[in-house]
Amino acid sequence: MLAKRIIPCLDVRDGKVVKGINFIGIKEVGDPVECAIEYDRQGADEITFLDITATHEGRSTMIDVVRNTAKNVFVPLTVGGGIRTVDDYREILRAGADKISVNSSAVRNPELVRQAADKFGSQCVVVAIDARRKKDGGFTVVVNGGRIDTHLDVVEWARTVYKLGAGEILLTSMDADGTKAGFDIELLNAVTEVVGIPVIASGGCGKLEHFSQLFKESKADAALAASLFHYKELTVNQVKEHLKENHIPVRR
């Protein structure tokens, strides 16, 4: 088994880290650069920033956040939110990001995935997929914080972006997000079966046992969490120690 990654996620709005449940009830929880420095100290393998408003004004704010973070932490940074063109990729990568995450812009223009992979390499291209369970079974892709159902099948969409050149998939269960009820193992297994790239699990982690369950019961390559770390219920170090005790390899 390859070493598993633990990735704190920071949702950023107007230069502040915020968190909600099911993408609503948003509360400020800290300064993004300070949070990133602390997570780096704790042993995070990567850090993900998501610009949840991604207005033009927010974009300039986010570039400053990325630039200041890159000067102070030494783990890979992934940045998402409002990325619509190859030029947007270039701008954020120049600011110090290592990977760019696209979500709704990839749905609207799948060729963006191919163009970015061709220009900067697949290792820079993360496709974020927000999934919601359908009443009749399976999973549908949703965008705009879960407010719009694209009617795309999650598994088929994952297969498509893999073929287009995505280097990684960030898979979020919208049903589980913020609930602390556990990762959606069924969703993760459905996607990892059809792609040959790493899949990051997101949404629903609430306790240490959820991390070990994730890696024992799915082929996810990494676990992303926010609330647990932001509210200091767990540290990255505690998660890694728990995984080691369960014979699950982790980095540093």
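Leaving out neighbours within four places in sequence, Phe-229 is in contact (heavy atoms within 4.5 Å) with Ile-6, Pro-8, Tyr-39, Phe-211, Leu-234, Thr-235, Val-236 and Val-239. Phe-229 is found in helix H9, residues 227-230. Helices (H or I, at least four residues) and strands (E, at least two) are DSSP runs, numbered from the N terminus. The relative accessibility of Phe-229 is 3%, so the residue counts as buried. Buried means under 20% relative accessible area, exposed means over 50%, and partly exposed lies in between (1.4 Å probe, protein chains only). Phe-49 is 180 residues from Phe-229 along the chain, and the two C-alpha atoms are separated by 14 Å.

The model is predicted: local features need pLDDT of at least 70, side-chain atom pairs count only at pLDDT 80 or more, and totals for chains, interfaces and linings use all residues. Residues are numbered from 1 along each chain as its sequence is written, and side-chain values use heavy atoms, with hydrogens and water left out.

The chain holds 10 helices and 12 strands. Along the principal axes, the C-alpha atoms fill a box of roughly 45 × 45 × 35 Å. Of the 252 residues, 56% count as buried. Among contacts with a separation of 6 or more, 66% join residues 24 or more positions apart. The accessible surface is about 11,100 Å², and carbon and sulfur atoms account for 48% of this area. Areas come from the Shrake-Rupley method with a 1.4 Å probe; for residues, only the protein chains shown count as cover.

Charged side chains number 33 positive and 35 negative. Lys and Arg count as positive, Asp and Glu as negative; His and the chain ends are not counted. The centres of the two sets lie 1 Å apart, with each charge placed at NZ of Lys, CZ of Arg, CG of Asp or CD of Glu.

Two serines were examined. Ser-105 sits in helix H4, residues 104-108. Its relative accessible area is 7%, so Ser-105 is buried. A polar atom of the Ser-105 side chain lies 2.7 Å from the backbone oxygen of Ile-83. A polar contact is a pair of N or O atoms within 3.5 Å; within protein, one must be able to donate a hydrogen and the other to accept it, and residues adjacent in sequence count only if both atoms are side-chain atoms. Beyond four places in sequence, Ser-105 touches Ile-83, Arg-84 and Leu-112.

Ser-212 belongs to helix H8, residues 208-217. Ser-212 is buried, at 6% relative accessibility. Its side chain reaches the backbone oxygen of Glu-209 at 3.1 Å. With neighbours within four places set aside, Ser-212 contacts His-242, Leu-243, Asn-246 and Ile-248.

Helix H6 spans residues 154-164, and its buried residues are Val-154, Val-155, Trp-157, Ala-158, Val-161 and Leu-164. Asp-153 caps the N-terminal end of H6, with a side-chain oxygen 3.2 Å from the backbone nitrogen of Val-155. Just after H6, Gly-165 adopts a positive phi of about 120 degrees.

Lys-244 lies in helix H10, residues 236-245. Lys-244 is partly exposed, with a relative accessible area of 43%. Lys-244 and Glu-193 are 51 residues apart in sequence, and their C-alpha atoms are 26 Å apart in space.
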